[in-house]
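This report concerns a predicted model. Please consult the sequence and the structure shown here while reading.

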Amino acid sequence: MNASQFGRRISPLLACIGLLCVWQAGALALKTDSFPTALEAIRAIPSILGDHESLLNILDSLRRMAIGFGLAALVSIPLGLMMGRIRAVASLCNPLLMIVYPVPKAALMPVIMLWLGVGDVSKTLVIFLGVSIPIIYHSFQGAKAVEEKMVWSGAAMGLSGFQRMFRIVLPAALPEILAGCRTGLVLALITMVTSEMIARQNGAGNILFNALDMAQYDTVFAMIIVIGALGIIFDAAFEKLRRALVRWSEPRFDMPLSFS
Amino acid sequence: MSVVPLRPGVQAEPSAHAKPVAMIEIDRVSQMFETSGRRSHLALSDISLSIEDGAFVSILGPSGCGKSTLLYIVGGFVMPTAGVAKVKGRAITGPGPDRGPVFQEFALFPWKNVLGNVMYGLRQQGVKRAEAEAQSRRLIEMVGLKGYESFYPKELSGGMKQRVAIARTLAYHPEVLLMDEPFGALDAHTRTRLQNDLLNIWERDRKTVLFVTHSVDEAVFLSDKVVVMTRSPGRIKEIVDIDLPRPRRRADLLLDPHYQKYVVDIEKLIDDVLEDELHP
């Protein structure tokens, strides 16, 4: 590893440390109860992660997030690809998408709770809705951008319509689809927390907002760190997967956007 | 046109006894495109053309004369508004592996390396991996890309990409090669080299080739027949038989007065086409 590679590896870590330093200084300067210092927040992390109950709560959240994200990908990618290739599907779904797009998905939570209760189904559904939009949109754009001649080349080889969709449009649009999934993954984490903020039953978000109710601000900020760390870990893991899948499309030089 | 029935249910082609059945038969094909503002544009008007098995035929004309559209119709990628196109006597209803396209845009599969691209059609036709790979490696060598099997399209130059595209199409043994300005995006030197190599490859197995270009030299150098088209609407202006000996060598041909005359005559034809547009 040469110096510049080392620099690239270490810079995200430096950014985190920098942020914590600013936080620490800010908290020390403000001196209010509701804003603990970074060190206090970090000291509260082991008590959360060491607690069996809290850990189960967080795992519950992650399970819902994984199911919501997985289902969304399973539905949204084929839908987006079909929108990109079949004009009738696009003209049918595009207006619907435009209506749903600006609605904050968590704002639907109270209504969904009325229908489906406060349990896993409602929360998973909200995550599903939040994740779907960017994946549909990126899959749509990716499929639309696939060169017609490439599809024709496949058709001349004897690929059927379904095979062309699955074996030409899908791989050709994959870089764009995965860009959508990456956005979707972050949104999954956000909607996961907000859904638990509204349906207060269990989960990572519930720990956070219970602590807030009880004025345990160090726990609140510790949870924020934990959720942030989860976000970074997911993003880095996804980025590794993405690179492995679409190395053929990568430009030679890439900004180091995450740990990888 | 009167048709004499030979036996019940069998109709004689008018020319069946005189020459072999045409590989490609284009019969009064017209193509209309809807353009914005509800105006429609007649891209092709009443085109009839017959191409024999093993012939190298170029379609030449100014841009917008519908020459690519005609090729897409034979490919089955575009359905004509009127008329029929046939391959070996059967009406064309869609693309098929008997007609292999090569596009100006290369249209390689970017997620596959060179070997993967060339193997794709063979694998699709159920050829076993080992056999497909062996055949593909031979083809890659034939188009001069030995050693580049594991390269991805984005790592190749334009000329190399087009070589891969040609190998990829030849791999599944189409009876007709449909080449849509295949060398149009290449620089002059690369273009000449690929023309030479294409001729060498073609002279081995003499597939039927339909070759769209706007370069007169290229058309004369490669073809048995040059179809000159007009535009708005696209019509056939003239079909010129290129009676030059084969195998053709560029160095000999450029000095050959017959070659030069063909080029000059066809350039004159195209000039007339453009002149007619200005002063109808």
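**Nonpolar cores**

The largest nonpolar core of the predicted model holds 90 residues, and Ile58(A) and Met223(A) touch the most other members. Helix H8 (residues 161-198) of chain A contributes the largest share of this core, with 14 residues. Chain B takes part as well: at least three residues come from each of domain 1 (22-98 + 174-275) and domain 2 (109-173). Beyond its neighbours within four places in sequence, Ile58(A) contacts Ile48(A), Leu49(A), Ala204(A), Ile207(A), Met223(A), Val226(A) and Leu230(A).

The C-alpha centres of domain 1 and domain 2 of chain B are 25 Å apart.

| Domain of chain B | Residues in the contact |
|---|---|
| Domain 1 | 15 residues |
| Domain 2 | 12 residues |

Together, domain 1 and domain 2 of chain B bury about 1100 Å², of which 72% lies on carbon and sulfur atoms. Of the area that domain 1 of chain B buries against domain 2 of chain B, 40% is supplied by Pro174(B), Leu194(B) and Ile201(B), more than by any other three residues.

Polar links are also present between domain 1 and domain 2 of chain B: 2 residue pairs are in polar contact, and the count of salt bridges is 1. Arg163(B) and Asp197(B) form a salt bridge in which the closest N and O atoms are 2.8 Å apart. On the side of domain 1 of chain B that touches domain 2 of chain B, strand S9 (176-180) and helix H5 (188-205) of chain B each give two or more residues; H5(B) gives the most, with 6 residues.

Methods: Residues are numbered from 1 along each chain as its sequence is written. Chains are lettered from A and ligands numbered from 1 in the order in which they are written. This is a predicted model: local features need pLDDT of at least 70, side-chain atom pairs count only at pLDDT 80 or more; totals for chains, interfaces and linings use all residues. Side-chain values use heavy atoms; hydrogens and water are left out. A nonpolar core is a set of buried Ala, Val, Leu, Ile, Met, Phe, Trp, Tyr and Cys residues joined through side-chain atoms within 4.5 Å. Buried means under 20% relative accessible area, exposed over 50%, partly exposed in between (1.4 Å probe, protein chains only). Helices (H or I, at least four residues) and strands (E, at least two) are DSSP runs, numbered from the N terminus. Domain bounds come from an automatic or database domain assignment. Contact means heavy atoms within 4.5 Å. Buried area is the accessible area (1.4 Å probe) that two parts lose on being put together, summed over both. A salt bridge is a side-chain nitrogen of Lys or Arg within 4 Å of a carboxyl oxygen of Asp or Glu. A polar contact is a pair of N or O atoms within 3.5 Å; within protein, one must be able to donate a hydrogen and the other to accept it, and residues adjacent in sequence count only if both atoms are side-chain atoms.
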